[in-house]
Amino acid sequence: MKHIKATGTSAAHIVGMGVYCPLGQNCALLEEAMLSGQDSIAPVEAFDASVFLSKQASAFPKNFKVELEAADWMDRATLFTIAAYNEALAQAGLDLTEIAPERISVCLGSSHAGLVSTEDVAVKTFNGELETVDPKTIAATLVSSSTSVIKRLCGAKGRMLTISSACASSNSAIGVAAELIRTDQADVVVAGGADTVSVSVMAGFNALRALAPEKTAPFSPQIGLSLGEGAGIVVLVSDRLRAQLNLASLAQVLGYGLSGDAHHATSPDQDGAGAENAMRSALNNADVTPTQISYINAHGTGTEANDGAETRALKRMFGSDVPVSSTKSYYGHTLGASGVIETISTLLLARDNKLPANLRLEDVRKGCEPLNYVTLADNSATPQKLLINNFGFGGNNSSLVLEVNGKTASNEVPAYTEDDVVITGIGLQTCVGDTKDASPEHLKSQQCFAELNEETGFTSALSNIPRFTSKELRPFARTARSTKLALLALNDALGDEHDLYAENLRSGIISGVVFGAQKPTEKYLESVFLGNPALANAHFFPMITLNATGGAASLAFQIKGFTTTVSGSASAAAYAADLVKYQRQDRAAVVSCDEITPALERIYHQAGVVAQAAEKRPGRAQSLGEVGAAITLERRSEVDARGGQVQGKLKGWAVSQDPVDISLQRDGEALARVLNEALSTARIAADKIHQITLLDQGPGATKAACSKALAKVFSGEPIQIYRPDQVYGYGPSSGPLMALNCAVANTPNGKVSIAAGYDVVGEAFAFVLEGEG
């Protein structure tokens with residue numbers, strides 16, 4: 001079949017939308033409910049919420065079933081996502097079989113998709129029943145599990161990203177999706193996200209004293225939030241493809257911006273500086289001035305800390321005339337799904353020449369600025385350029401600029417000026433301490449530092465973390481082990497260049513992890529399921545989000561540029577490289593980490609990832625490792641201008657997955673594809689590669705797939721292969737970044753090498769680099 005491929009620098013259009021939430025299980029029902037001023041916040045039925053400060057949430061009732069065909073192992077967030085995806089694709093009228101699968105990408109965002117499955121696995125683990133759990137159910141605990149299912153449904157072979165920056169997740173996902181189209185990396189991107197209301201989520205916000213006693217009313221004297229659940233999906237296409245296929249445009253994504261508060265783990269910077277930085281970044285990216293914005297969908301959670309800070313930022317930027325509302329008064333705070341559901345809500349009402357209102361807002365709370373708050377009695381308007389705000393734990397801020405009811409002067413967007421991407425620093429913390437300088441010797445000797453625990457039967461490489469005594473690190477003495485390892489690695493990677501990152505909006509921090517910090521997660525879930533949910537541990541709750549490490553890194557080193565977390569360190573490194581290449585940032589640090597507990601070893605074993613020492617399972621990882629890895633990337637022109645040192649040049653990179661559920665194909669097709677793409681971008685022939693740093697252990701067919709991919713791409717003389725995970729242990733999150741880190745340290749000046757392999761979720765990656773320095 002001949003596939004369609006659109007070329008050129010093109011704007012991104014939303015051509016299809018789908019939503020699934022208690023207020024409306026499709027777009028028409030949601031639109032009808034919002035136009036009539038209804039909300040879906042009510043007493044929770046799915047579990048006993050009477051023990052909390054509030055029993056109110058926007059949640060589906062007990063025993064509610066999503067009407068679709070799906071596997072019984074899938075998490076509830078994934079079911080919501082599939083329902084929204086089906087509607088969005090039908091509305092778009094797009095036949096994805098006509099599009100080259102390599103030009104179809106998926107970019108979803110979630111704070112804690114998979115948490116309902118995580119609760120199930122945790123309870124069985126506490127009860128000694130882990131051996132009864134289906135390995136697919138364990139895979140469904142991943143935040144990225146929804147992305148894996150959607151990529152299979154749409155046959156995508158392009159970029160797959162899962163953004164997990166707490167409540168900023170799906171807003172960021174739409175922005176990143178539009179950027180893939182703008183930079184000609186995709187013709188179609190399925191974007192959005194989902195989150196769920198569960199007992200552990202409600203217990204956590206209850207522990208933080210954030211729940212509203214009654215239905216939330218952002219900006220009003222009543223303080224507090226109401227939780228919500230659901231999913232939203234938007235289908236984005238390039239303008240050229242839209243015109244080719246005669247697709248109707250519902251809106252155009254003009255730009256997005258991210259920032260970090262570098263202030264606190266859960267509370268925003270009270271002057272709203274971080275929010276303002278994200279909004280200004282988005283407006284600059286969209287080439288739009290504040291006076292052109294005709295409506296703002298505020299983050300507006302209802303909490304005292306958020307509402308005041310956001311309104312101060314809005315007042316400084318837009319004055320008091322632009323209409324503002326928070327749609328969380330309709331369907332609660334849907335956490336990572338907020339951005340996409342609120343975007344869809346705004347677009348649905350815009351076609352009726354209406355704006356979403358602030359329900360139950362009669363008086364403005366003291367401490368909130370006097371803005372033009374939209375009411376049901378006065379919500380008629382014809383908005384054109386819209387701003388969508390979402391801000392999350394860890395100081396992660398995201399803003400998105402859209403256009404409806406009109407067209408820009410041109411549907412072509414200015415092409416980004418590209419720059420070379422160089423590596424200025426690496427940091428690696430393993431079981432042998434600071435490892436970056438010793439890794440070449442370790443790799444050549446292939447000495448395994450993991451040790452057998454006779455009691456558990458597992459071989460692991462545990463790290464001995466030193467005391468935090470420096471000014472930057474001392475405040476994090478009680479944080480998770482994995483976060484400590486990441487901070488130590490980043491401190492090494494930054495070296496003497498901390499000042500280049502601190503307080504610099506052109507310097508970002510991208511975290512790449514697959515799981516949250518394990519020990520805090522275990523401790524928190526124990527407090528919920530083995531203790532009293534009303535007394536859940538408030539110290540550990542913020543640490544269970546994937547972006548906790550990235551937020552800590554932003555805070556420790558005062559990094560306030562683009563700040564987000566991506567599921568998997570391969571995707572994180574590729575996204576950071578894109579930011580630098582296309583000059584969205586002058587430099588970006590990437591961090592990743594893993595920690596080990598006895599429970600996690602058993603879970604990985606049940607999932608088929610790691611083997612016990614006595615087992616003959618050569619395809620699985622033979623040992624787990626506690627690792628912190630960091631790398632700093634920078635524009636070549638910036639380094640040259642300041643006379644900085646370069647350790648290597650990233651000449652090409654590619655990441656992708658097979659279109660299968662949370663797994664990979666044995667034929668190695670995805671890895672062969674990204675190897676060829678990275679080599680093509682680098683303009684390097686396969687026979688010019690000096691060596692390969694390979695990650696070929698892990699679940700299922702990883703080793704076989706790697707072997708077949710390398711045979712397809714490198715058919716000439718044998719190439720030297722190094723495997724860091726066989727030396728320092730397998731890091732499910734940090735493995736790809738550790739491989740890249742070791743490749744930089746081990747590539748001689750002028751030689752070209754590759755870091756490649758698969759991560760634990762089946763992400764195939766390839767980074768081509770040239771040694772310097």
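My entries follow, topic by topic.

**Ground rules.** I am working on a predicted model, where local features need pLDDT of at least 70, side-chain atom pairs count only at pLDDT 80 or more, and totals for chains, interfaces and linings use all residues. Residues are numbered from 1 along each chain as its sequence is written, and side-chain values use heavy atoms, with hydrogens and water left out.

**Entry: a helix pair.** I looked up α2 (residues 76-92) against α5 (residues 145-154). Helices here are DSSP runs of H or I with at least four residues, strands are E runs of at least two, and both are numbered from the N terminus. The two helices pack at about 35°, with axes 9 Å apart. Axes are lines fitted to C-alpha atoms over the stretch in contact, and angles run from 0 to 180 degrees between N-to-C directions. I noted the crossing as right-handed, that is, the near helix is turned clockwise from the far one by less than a right angle. From α2, I listed Ala-77, Thr-78, Thr-81, Ile-82 and Tyr-85. They meet Ser-145, Ser-146, Val-149, Ile-150, Leu-153 and Cys-154 of α5, contact being heavy atoms within 4.5 Å. These contact residues split into seven nonpolar, four polar and no charged. Ala, Val, Leu, Ile, Met, Phe, Trp, Tyr, Cys and Pro count as nonpolar, Asp, Glu, Lys and Arg as charged, and the others, Gly among them, as polar.

**Entry: sheet β2-β3-β7.** I found an open, mixed sheet of three strands in this order. Two strands pair if DSSP finds at least two bridges between them. β2 (42-43) and β7 (227-228) are the edge strands, each with a single partner, so one side of each has no neighbour in the sheet. β3 (residues 56-58) runs parallel to β7, joined by two bridges. Ser-58 has Gly-228 as its bridge partner.

**Entry: sheet β17-β18-β22.** This one is also open and mixed, with three strands. Its edges are β17 (451-452) and β22 (624-625). β18 (residues 459-461) pairs with β22 in the parallel sense over two bridges. I placed Ser-460 opposite Leu-624.

**Entry: cavities.** How many cavities of 30 Å³ or more does the whole structure hold? I count seven. The search uses a 1 Å grid over the protein atoms alone; a cavity is a set of points where a 1.4 Å probe fits but cannot get out, and lining residues have an atom within 4 Å of a point. Points are joined across faces, edges and corners, and volume is the space filled by probe spheres set on them.

Of its 23 lining residues, Ser-482, Phe-515, Gly-516, Ala-517 and Cys-593 lie nearest the centre. β22 returns here: β22, α14, α17, β21 and α19 each supply at least two lining residues. The lining divides into 13 nonpolar, eight polar and two charged.

α6 (169-182) and α18 (569-581) each give at least two residues. I logged six nonpolar, two polar and four charged.

Note on methods. 1 Å grid on protein atoms, 1.4 Å probe; cavity = no way out; pocket = protein on both sides within 12 Å on 5 of 7 lines; lining within 4 Å.
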